[in-house]
Each structure stands twice: as structure tokens, then as C-alpha cells.
Amino acid sequence: MPAEKKVYLRIEDLPSVGAATAQKLREIGFSTIESLATATIAELAAAGIGEKRAAEIIAAAREAIEISWVTAKQLAELKKGVGRITTGSKALDNLIGGGVETQSITEFFGEFGSGKSQLCHQLAVNVQLPTERGGLSGAALYIDTENTFRIERIAQMAKHVGLDPDEACERIIYAEAYNSDHQILLLEKADKVIKENNVRLIIIDSLTAHFRSEYVGRQSLPERQQKLNKHMHKLLRLARAFNAAAVVTNQVMARPDEFFSAMAVLPVGGHIVGHTSHTRIYLRKAAGKNVRIARLVASPYLPEGEALFRITENGIEDLEGENAE
Ligand code: GTP
Ligand code: MG
């Protein structure tokens with residue numbers, strides 16, 4: 001007979017976490033068992049917790065939520081738990097394997113006006129739809145760094161998919177990040193709000209803008225990359241712990257020497273962002289009214305390819321007929 005499994009709800013329910021330790025942990029952004037299960041010893045040590053104790057806490061949290069080795073067969077079962085959110089365009093969904101997926105990061109990069117923020121708005125609405133309509137019946141967490149989030153646009157998109165605009169706005173949890181440190185902090189403190197609101201989509205629009213404006217010059221590059229790297233890993237761990245999709249945007253700089261080539265752009269953040277992101281989609285303007293081209297440039301398992309979509313009053317849509325194969 002297997003022993004009955006103890007259910008841990010709060011971090012102070014874990015062995016070796018008393019009220020004082022729980023308080024310390026919360027202060028540095030670990031308010032849930034899920035976040036502790038994916039923490040590192042160094043992160044807990046930052047709150048003044050000894051290494052041995054930190055290791056015990058992490059192990060207990062892992063046991064509580066059963067993070068352990070799995071067989072490939074079990075992995076296949078876990079992967080079945082991966083959810084997808086429709087972008088609003090079937091062509092774009094097909095390009096990325098059926099929509100933006102949970103448990104990993106999807107990066108949209110492209111020049112100004114290429115549709116990155118519009119996609120973020122659309123996904124924040126679509127995640128609320130039931131699964132049979134391409135959503136996850138969940139809420140969205142929206143970190144806005146450039147003050148480009150528009151409530152009216154959300155309402156417009158919500159109406160079009162048949163959601164009540166007020167309710168749709170209530171299920172988008174929003175914060176504006178004033179600088180890169182604030183952006184990092186917002187994400188570090190996000191686990192509680194994610195859990196309490198059934199957040200299934202975490203958006204950072206833009207991931208890189210603050211970093212780019214604050215860390216100028218070659219000498220500041222290593223520090224910038226190191227901070228971005230840590231930030232991305234935190235995002236990935238949240239996405240895994242809560243089975244949420246993570247979507248980030250990244251503006252690109254033109255590369256004058258390759259001005260006419262299709263890939264004459266260089267994502268800000270360089271390799272670090274590239275390696276942590278699992279799916280990368282390059283957006284650019286195309287001929288035709290509000291038409292955009294999405295190019296899948298990196299994916300763990302899908303081939304490269306392109307899809308067209310349109311940005312209309314309704315939101316992100318397919319080009320009627322033209323690319324509906
Ligand atoms: P940056 O953040 O500046 O790098 O650009 P971005 O890639 O985020 O661009 P964004 O998603 O803001 O796309 C802007 C484009 O979307 C505009 O040029 C319009 O073509 C389109 N757009 C935005 N809002 C609306 C709208 O309410 N109606 C319609 N029809 N199009 C819109
Ligand atoms: Mg934008």
C-alpha cells in the first residue's frame with residue numbers, strides 16, 4: 001500500500017521552512033512551491049539561507065510537486081500536457097505547429113510596426129478562449145515595457161472572438177516595467193499572481209528594449225547578456241512550472257552591410273536570447289494592405305518556413321483564401 005501523499009499548499013508547509021524562512025523566501029520572490037522546486041541553491045542563499053538548508057528546501061519542494069526523472073514514455077505523456085494558443089491566423093498557427101505552445105518561450109522579432117505588439121494583444125485575448133476554440137481558458141500576464149498596451153484594442157479583439165470586453169480585460173494582469181531592473185523584479189515576483197489567477201500566458205513586450213537603452217557600449221555588453229540570460233531562464237522556469245506559454249518580443253536592428261538580404265536584421269540580445277528561446281519568429285511587412293510575413297527561423301522540431309497574415313480591425317487574421325492550404 002503506498003503511503004498517502006501529503007499535500008503541500010503553502011511554502012511553510014514544507015519541512016524545514018518555518019514562518020521566518022517563508023517570509024524571507026517571499027521577499028525574494030519565491031511564494032509558491034512550484035517556484036521553489038525550480039530554484040537554485042544560490043538564489044535561496046541570496047536570502048540568507050544556508051546552502052545545506054537551501055538544498056533541503058528545494059528537494060522537499062521538488063518532491064511535493066514530483067519533479068523527477070521520467071522515462072521517454074512518461075515524457076511523451078507529459079508533452080501531451082503541452083497546450084497551445086491560437087494566434088488568430090491558421091497559417092501562422094500551422095507554421096509553428098498549431099499555435100504558441102506552453103512550457104517554452106516563443107519570441108517574435110522584427111522591425112518597428114511589424115506586428116509584435118499586435119500579436120501579444122491577440123494572444124492575451126485568445127488564451128482566454130476554451131481549448132476547442134484555441135485557448136486555454138486561462139488568464140494572461142502582460143509586462144509592458146514601452147507603454148504600448150491598449151485596452152481599447154483588447155476590447156475590440158475580444159468582441160470579435162465573442163468574449164465580453166470587460167471580462168476579457170479582467171483576465172489580463174498588467175504591469176508596466178519602468179526599467180530593466182524593474183522588469184526583472186516583476187517577473188521574479190510573478191509566481192503568486194500566476195498561480196492565483198490561472199495565468200497560462202506570460203508576455204514581455206518588449207523583452208529587450210530597456211536592456212538595449214540602458215546598457216550602451218561594448219564594455220556593458222557582458223553584464224547585459226548575463227542579466228538577460230537570467231531573466232529568460234526565470235521566464236522559462238515559470239512557463240514550465242505553471243504550464244504556461246511565454247511570449248517575448250524583440251526589436252531588430254538593421255545591418256547596413258546586408259541591407260538587401262532577407263535576414264538583414266540582428267535581434268537585440270544576440271545569442272543569449274536566441275539560445276534560450278525555443279521558437280523564434282521573424283516578422284516583416286509585406287506588399288498588400290496590412291499584410292505581414294512570419295518566418296520561423298528556429299524551432300526545436302519544426303522546419304523553417306513562412307506564413308502570411310493580416311492585421312485588421314478584428315485583430316490577427318488570415319489572408320482570406322490566399323494562403324489557406
Ligand atoms: P514596435 O513595438 O515599434 O517595434 O512595433 P511592433 O512590431 O510592436 O508593431 P505593432 O504590433 O504595434 O504593429 C503596428 C501595426 O499594427 C500598425 O502599423 C498597424 O498596421 C497595425 N495596427 C495596430 N493597431 C491597429 C488597429 O487598431 N487596427 C488595424 N487595422 N491595424 C492596427
Ligand atoms: Mg511593439
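Analyst: Happy to! Buried means under 20% relative accessible area, exposed over 50%, and partly exposed in between (1.4 Å probe, protein chains only). Cys 120, at 0% relative accessibility, therefore counts as buried, while Cys 169 is partly exposed with a relative accessible area of 25%. This is a predicted model, in which local features need pLDDT of at least 70 and side-chain atom pairs count only at pLDDT 80 or more, whereas totals for chains, interfaces and linings use all residues. Side-chain values use heavy atoms, without hydrogens and water, and residues are numbered from 1 along each chain as its sequence is written.

Of the 325 residues in the protein chain, 49% are buried. The chain has 14 helices and 12 strands, taken as DSSP runs (helices H or I, at least four residues; strands E, at least two) numbered from the N terminus.

Now to your pair. The axes of H10 (residues 180-188) and H13 (residues 221-241) come within 10 Å and cross at roughly 25°; axes are lines fitted to C-alpha atoms over the stretch in contact, with angles from 0 to 180 degrees between N-to-C directions. Because angles under 35 degrees count as roughly parallel, H10 and H13 are roughly parallel to each other. Asp 181, Gln 183, Ile 184, Leu 187 and Glu 188 of H10 meet Lys 227, Lys 230, His 231, Lys 234, Leu 235 and Leu 238 of H13, where contact means heavy atoms within 4.5 Å.

How values were computed:
Chains lettered and ligands numbered in written order. Parallel < 35°, antiparallel > 145°, perpendicular 65-115°, else oblique.
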